[in-house]
Amino acid sequence: MHVGYVEIAIGTILISNMVLARFLGLCPFIGVTRRTSDAVGMGFAVMFVMTLAAFATSLLYKYVLIHPGPDGFNLLVALGVVKEMPADGYVLVLKTVSYILIIAVLVQFVEMVLRKSVPVLYKALGIYLPLITTNCAVMGVALLTTSDWKYQDAPLSLGKAVWMGFCGGVGFTLAMILMSGIRERLAVARVPKALQNVPIAFISTGLMALAFLGFSKLFGIEL
Amino acid sequence: MEWSYVIAAVAVLGALAVVFGVGLAVASRVFHVQSDPRAEQIEAVLPSANCGACGFGGCAAYAAAVAAGKVGPSECVPGGMEVARRVAEIMGLVAEEKARQVAVVLCQGGNRVAERFGYQGVTDCRAAMLMQDGAKGCRWGCIGLGTCAAVCPFGAIVMGEDGLPHIIEEKCTACGTCVDACPKQVIRILPAKSTVTVLCRSLDKGADVRKTCSVGCIGCKKCESVCPVEGKAIHVTDFLARVDVETCISCGKCVKVCPMGTIGNFRLSRRPANGKLAAQQEVA
Amino acid sequence: MCGTVKGLAVNLLKSLLDKAVKSNPVFGLMLGLCPTLAVTTSVKNGLAMGLAASVVLLCSNILISLIKKLIPKEVRIACYIVVIAGFVTMVEILMKALAPAEINNQLGIFIPLIVVNCIILGRAEAFASRNGVVASIGDAVGIGLGYAGVLVMIGAIRELVGKGTFWGYTVWSGYSDAPEALAAPATVAVLAPGAFIVIGLLFGLFNAIGNRRQAAQLAAAQPVRFTTSADEKAKGASAAEPSAQ
């Protein structure tokens with residue numbers, strides 16, 4: 001299966017939606033979707049951070065952490081820190097730590113930029129902005145973008161990696177907006193007392209996930 | 001033990017740390033935001049309810065306005081005198097006294113009033129208004145679906161078994177959120193010292209009121225005739241009695257003489273804070 | 001002497017149970033939801049994840065409570081994350097070496113994602129940074145037990161309903177004479193929708209239990225009834241003129 005930009009878009013937004021199929025980013029999904037305005041703000045912030053994170057982690061992965069292949073470039077080798085990159089990939093164990101560092105710094109940076117340039121959005125997002133750091137969606141997207149690919153021999157190109165990060169964010173935002181619309185209606189409906197608020201939100205998510213399951217193998221894409 | 005493993009790991013993480021440390025330090029200079037430290041101090045003292053009673057869009061906005069000198073320190077209603085004093089201290093001003101106020105529900109109908117039709121829809125009073133101004137027989141009275149209880153930021157309103165909202169006076173801060181939310185405008189903010197209030201808003205003729213509600217005001221003027229205050233502290237206009245809070249002396253004569261039981265003597269019906277029955281309280 | 005040891009043991013057990021049940025990380029504190037739904041496709045996976053997360057929690061609680069005085073306040077969250085990431089990397093390597101390949105495949109990216117599991121960061125911030133080492137160990141054990149317990153429970157439900165097996169041993173595989181619904185295990189339970197619906201129903205169940213307990217407590221307390229002047233009027237009509245003041 002050819003992994004092009006269109007396949008990545010359809011695969012990441014519809015077929016393997018970050019929230020509804022991959023279970024990433026559930027804490028903000030349940031926490032922030034009581035109002036659509038909050039959901040939209042959070043969704044866009046996450047989209048922004050995801051794209052930047054995919055870019056940075058992809059750079060680190062391709063040029064520092066893995067064996068570069070016969071014609072590739074590796075920073076550690078170029079700087080003479082190691083004589084040659086090992087084939088068994090021991091430097092890859094640094095993936096987890098370095099990715100989370102990158103994401104934490106990115107979020108801090110985005111917070112500073114927002115506070116200066118768009119203070120209204122900064123106030124609106126409030127505590128949710130620093131919480132993007134511990135959002136499994138961003139870390140999850142970074143890990144997915146830089147993992148072994150079923151259909152390719154080499155890691156994703158930088159452009160496709162960034163595109164995948166962006167589409168992951170789009171899928172996340174889509175799910176959040178759909179969920180907040182449903183929850184606003186659920187808030188004034190007659191729900192049995194035990195199921196009010198969180199339980200009915202989860203059950204609705206399950207029904208949404210069931211609907212999205214219908215997208216699997218769309219156009220023969222298996223992402 | 002392959003030392004190159006260790007060196008590579010330390011090099012990668014160390015380089016990342018240096019790059020990020022320097023980067024963040026530079027960024028915090030470039031994106032530095034000037035903020036008045038007093039605004040942050042004031043915001044820390046406010047109750048953070050973001051109710052808007054001060055007239056600003058949230059506690060942060062009010063704190064910024066006070067720090068900028070645009071408004072006085074006593075505007076926070078939920079905070080009361082305590083917060084006003086502290087804000088004034090931070091700004092170096094004097095806080096003025098504001099008499100305690102409380103929200104009162106001007107209706108006793110609730111489940112006593114028959115519904116004109118069965119309403120099955122969104123359980124929100126504002127939504128029910130879209131269906132011919134609500135299902136209750138009296139078009140001035142409380143619909144009873146609990147919008148006020150839902151919007152109260154302090155949890156001071158509880159929907160009772162009689163279909164009416166009950167205000168927990170200890171928690172009510174008179175912020176006015178329920179007043180804005182109620183589509184029938186049945187909740188009012190009144191001074192806490194006033195104990196006699198007409199618990200009805202119906203402008204219907206007496207005969208019509210009797211048909212729908214057993215406790216509504218019929219405009220018989222018995223209260224007006226028995227009021228001992230010179231110039232009368234209670235007047236009936238448009239078939240509804242209204243108490244003038246400035247001149248009312250809370251003697252309770254109108255409460256006893258009202259044939260429908262519409263006038264509330266809050267010495268009896270306010271929930272006492274110390275657990276004693278209202279009738280056993282010291283009459284102020 | 002024996003009494004105090006027994007008292008200590010009872011206290012310890014009670015505090016552990018409190019942490020595991022009352023402040024259960026998933027149903028009480030609503031933390032760590034992502035891995036809870038993703039890995040509970042079977043009991044084995046749930047247990048593996050629960051153990052991995054508990055080990056990381058224990059180690060990070062110990063280390064953070066040891067170095068809590070050295071961490072400056074502004075960068076404390078970043079420090080906790082780095083400590084947790086270190087232990088997660090260790091657990092990752094251990095699991096790749098020791099755990100069976102199928103478990104590693106099924107848990108996939110959720111092992112490195114333990115580093116952003118809100119439970120571990122949350123306990124570091126709320127408990128380990130303020131209490132001593134022994135208390136932090138106890139906290140980690142209690143919370144870890146609670147978390148692993150929840151994962152195993154949900155894994156068991158989903159595996160039984162969705163695949164008809166328990167720990168890989170077939171329990172039921174469909175009744176051909178029965179109505180359509182029972183003809184085969186409901187595979188949807190081990191897929192995404194099933195996860196959400198199962199946990200939604202479980203939340204609802206615990207809410208119902210909590211509500212019933214709250215209602216019992218309220219009923220035991222004094223009922224307060226608000227009176228209005230209309231009620232006083234009705235009372236006054238039947239009795240002799242009561243002094244309204």
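**Exercise 1. Find how far apart domain 2 and domain 3 of chain B lie, and describe their contact.**

Step 1. The C-alpha centres of domain 2 of chain B and domain 3 of chain B are 20 Å apart. This is a predicted model: local features need pLDDT of at least 70, side-chain atom pairs count only at pLDDT 80 or more, and totals for chains, interfaces and linings use all residues. Residues are numbered from 1 along each chain as its sequence is written, while chains are lettered from A and ligands numbered from 1 in the order in which they are written.

Step 2. In chain B, domain 1 is 37-91, domain 2 is 100-190 and domain 3 is 194-272.

Step 3. Count the contact (C-beta atoms, placed from the backbone, within 7 Å). Domain 2 of chain B gives 16 residues and domain 3 of chain B gives 15 residues.

Step 4. Sort by class. Ala, Val, Leu, Ile, Met, Phe, Trp, Tyr, Cys and Pro count as nonpolar, Asp, Glu, Lys and Arg as charged, and the others, Gly among them, as polar. The side of domain 2 of chain B that touches domain 3 of chain B has 10 nonpolar, 4 polar and 2 charged residues.

**Exercise 2. Describe the side of chain C that touches chain A.**

Step 1. Chain C brings 33 residues to this contact, and chain A brings 32 residues.

Step 2. Find the helices (DSSP runs of H or I, at least four residues, numbered from the N terminus). At least two residues each come from α2 (33-38), α4 (76-98), α6 (118-128) and α8 (192-220) of chain C. α8(C) gives the most, with 12 residues.

Step 3. By class, this side of chain C has 26 nonpolar, 6 polar and 1 charged residues.

**Exercise 3. Decide where chain C should be read with care.**

Step 1. Start with pLDDT, the predictor's confidence in each residue, from 0 to 100. Chain C averages 83, and 87% of its residues score at least 70.

Step 2. Where pLDDT is low, predicted coordinates should not be read in detail.

Conventions:
Domains from an automatic or database assignment. Contact = placed C-beta atoms within 7 Å.
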